[in-house]
Amino acid sequence: MLTATKPQDAAAVLADPDTAAGLRDLAEHLAPLLQTRRLHNVVDLLSATSDFIDMADDQLTQKLAKAFEEVVWAGWSAGNALRSASATAADSEPPTLWQLSRQLNDPEVRRGLFFVIQLLGAVGRQVALEAEIPEDD
Amino acid sequence: MKKRIVIVGGGIGGTMTANNMVSKLGVEIRRNQVEVMLISNSPWHYYKPAFMYVAFDMYHKAELRRKQATLLRPEVRFVVDEVEAFEFSASRLHTRSGAHYDYDYLVVSTGCLPAPERIEGLAEAGDHFYQFEPARRLAQKLRTIERGRIFITVTFPKTPDVPHQCGIAPIETTLMVDELLRRRGVRDRVEILYTYPSVSQLLRNCLFMQKQTCEVLPQIFSDRDIHFKRGFTLERVDPDARVAHSSEGDSEDFDILMSTPPIRAVDAVINSGVSEAAEDEGWLPTNRRSLQLKGHPNVYCMGDTVDLPISKAGGSCHNQSPVIIDNIAFDLRQGATPAVYDGRVQAIAQMGLEAGMPLWYDYDQDVQPTPPTKVGGLMRKTFNRGVYWATARGLV
């Protein structure tokens with residue numbers, strides 16, 4: 001048995017009976033894919049992966065990383081808000097309508113409401129863009 | 001004083017630049033120190049490479065366009081108007097509606113236009129796939145041809161070392177024609193003749209604008225019984241006799257003449273008077289590293305409008321846009337323009353109706369051709385139908 005830690009030349013590796021046995025098993029395993037040319041698809045996929053790595057550059061990485069951060073930020077912010085609101089609501093008695101309306105004295109609650117209204121406005125503006133169909137040119 | 005960045009052109013270059021610009025300058029925009037404006041002559045954004053597929057009945061109009069406003073981040077001020085005149089020295093532009101806009105920075109991404117009328121008889125007798133309606137007309141012919149000859153020509157700009165639109169397109173469509181005719185069962189009755197001009201950028205008597213790809217093409221064409229001929233520079237076409245004549249003194253008859261026609265910049269760019277291009281083609285003299293318009297450091301050029309030896313294609317814009325954005329952002333914040341374009345272009349070539357070949361090159365390194373595969377074809381189809389729009393939105 002050859003070990004991975006001990007450098008060997010290629011001929012010695014191939015001459016090793018365990019290597020030969022492993023290759024024989026692998027060939028049997030791959031035979032159906034080889035005989036039907038389906039292994040070609042896997043090789044093509046590897047080639048495409050290699051192409052993508054060659055084509056990727058710093059700018060692509062920056063854009064993907066930024067998109068990732070924005071998605072994570074949105075999930076993280078929403079998760080924090082949900083967790084906090086859920087814990088407070090679960091640990092408290094349901095407020096009366098009067099107690100509920102007094103929550104509006106809290107500036108952060110008003111800011112949250114303002115945020116929701118702004119969000120609805122932004123959604124509305126985007127929906128309006130979808131509604132307009134420009135003339136053909 | 002609020003700085004204004006104006007981007008002209010609602011193609012892929014202008015759109016991705018507007019979106020990524022507001023992302024890059026998010027802080028300045030929130031503080032109302034910077035405004036990013038996009039001016040386009042159309043409320044629609046067209047995926048221009050899909051016109052090629054229209055010629056093969058593979059795309060409907062609704063599938064290859066989106067409303068421009070739906071592709072833009074809300075921070076971008078979008079104006080539908082036609083720029084009629086650039087005053088680069090005054091940092092001002094004028095539009096068809098009578099408005100004028102002063103700018104601190106300008107990005108010109110106005111593309112190019114097919115100009116078959118620049119070759120006698122070509123507009124009457126030739127077809128091409130670089131616009132929607134011409135592609136539909138070509139589709140009608142490809143759908144119905146039963147026998148005869150499809151003759152393919154490629155015309156380069158007269159300006160030295162400037163390529164035609166989308167370098168790989170003539171090969172892509174030649175292979176697609178072959179496959180379409182085989183599917184229709186008429187391939188054995190229709191001859192395909194692919195020709196290439198004597199001068200293609202820096203190469204002479206080749207079949208493609210880059211040597212390594214040129215060397216593999218004869219085998220690819222021979223395997224498919226596609227005939228090919230070097231040294232045919234289309235000079236004039238006789239629409240009645242259906243004969244194409246070359247400046248080398250050769251003549252070829254045809255039933256369909258599928259051309260890559262001459263191209264030119266848009267009128268406003270030509271009329272700006274700063275172009276040094278031959279035959280009034282209008283390419284803007286562009287610094288190949290910083291992408292600034294020569295003599296006007298607050299103006300940047302990208303995509304088809306430049307006079308660089310780089311493919312006039314979206315894959316060029318994808319690499320030029322970040323350089324321009326970086327240089328404008330650095331200049332605004334630190335008074336320097338350190339970002340450098342290395343000539344990088346990437347694409348996935350459509351090799352026949354199903355196969356694809358990823359490719360990339362830059363100023364120093366030519367395309368390394370690899371065998372087209374179905375996986376490459378799936379990548380291209382995925383890009384066409386989805387990834388393109390994410391790219392326009394600045395996400396990829």
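T373(B) touches D44(A), E354(B), A355(B) and G356(B), leaving aside residues up to four places away in sequence; contact means heavy atoms within 4.5 Å. The model is predicted: local features need pLDDT of at least 70, side-chain atom pairs count only at pLDDT 80 or more, and totals for chains, interfaces and linings use all residues. Residues are numbered from 1 along each chain as its sequence is written, chains are lettered from A in the order in which they are written, and side-chain values use heavy atoms, without hydrogens and water.

T373(B) sits in the loop between β25 (355-361) and α11 (374-392) of chain B. Helices (H or I, at least four residues) and strands (E, at least two) are DSSP runs, numbered from the N terminus. T373(B) counts as buried because its relative accessibility is 14%. Buried means under 20% relative accessible area, exposed over 50%, and partly exposed in between (1.4 Å probe, protein chains only). A polar atom of the T373(B) side chain lies 2.9 Å from the backbone nitrogen of G376(B).

What does the interface look like in numbers?

| Item, chain A with chain B | Value |
|---|---|
| Residues from chain A | 26 residues |
| Residues from chain B | 29 residues |
| Salt bridges | 0 salt bridges |
| Polar contacts (both at pLDDT 80 or more) | 8 residue pairs |

Buried area is the accessible area (1.4 Å probe) that two parts lose on being put together, summed over both. A salt bridge is a side-chain nitrogen of Lys or Arg within 4 Å of a carboxyl oxygen of Asp or Glu. A polar contact is a pair of N or O atoms within 3.5 Å; within protein, one must be able to donate a hydrogen and the other to accept it, and residues adjacent in sequence count only if both atoms are side-chain atoms.

On the chain A side, M55(A), K63(A) and D137(A) lose the most area to chain B, together 30% of what that side buries. The elements giving two or more residues to this side are α3 (39-55), α4 (58-91) and α6 (107-131) of chain A. α4(A) gives the most, with 8 residues.

Chain B also holds helix α1 (residues 12-24). Its 13 residues reach 18 Å from first C-alpha to last, close to the 18 Å expected at 1.5 Å a residue. Of these 13 residues, 12 are buried, including I12(B), M16(B) and V22(B).

Note on methods:
The expected span of a helix is 1.5 Å times one less than its number of residues.
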